[in-house]
Amino acid sequence: MKAKTQKAILMEKIMALEQQQAQDFEVLKNQYHNTISSFSTLNILKNAFQEVITTPHLTSNIIQGTLQIGTKYLSKSLLKNSSNSSGLLLKAIRFVIKKWSNH
């Protein structure tokens, strides 16, 4: 009688371990699929772009650079359209741009 009880206990433990193994396998399989999808080219590019956007220092540098390029383009186009007083205007615009870009 005692042998059947031990055998029954052993079978219960084996079944519990098999169920745990099946659950662990499902978790591992899901993690594998998540890892594979995170290494796709689109996700890598999306994550890199998101990181660039959320970096405040880099974002402000990009905005500042864009404004500087726009200002330089505007000043050059204004100088091309101006008359003989372009030398003074050119110096004034360069001075303003130089002071503004140092901030």
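Visitor: What is the relative accessible area of Glu26?

Guide: Glu26 has a relative accessible area of 38% and counts as partly exposed. Buried means under 20%, exposed over 50%, and partly exposed in between, with a 1.4 Å probe and protein chains only. This is a predicted model, in which local features need pLDDT of at least 70 and side-chain atom pairs count only at pLDDT 80 or more, whereas totals for chains, interfaces and linings use all residues. Residues are numbered from 1 along each chain as its sequence is written, and side-chain values use heavy atoms, without hydrogens and water.

Visitor: Which residue forms a salt bridge with Glu26?

Guide: Lys29 does, with the closest N and O atoms 3.5 Å apart. A salt bridge is a side-chain nitrogen of Lys or Arg within 4 Å of a carboxyl oxygen of Asp or Glu. Lys29 is partly exposed, at 34% relative accessibility.

Visitor: How many of the residues count as buried?

Guide: Of the 103 residues, 5% are buried.

Visitor: Where is confidence lowest, and where is it highest?

Guide: The lowest mean, 72, belongs to helix α4 (residues 86-101), and the highest, 91, to α1. These values are pLDDT, the predictor's confidence in each residue, from 0 to 100. For the protein, the mean pLDDT is 80, and 83% of residues reach 70 or more.

Terms used: Helices (H or I, at least four residues) and strands (E, at least two) are DSSP runs, numbered from the N terminus.
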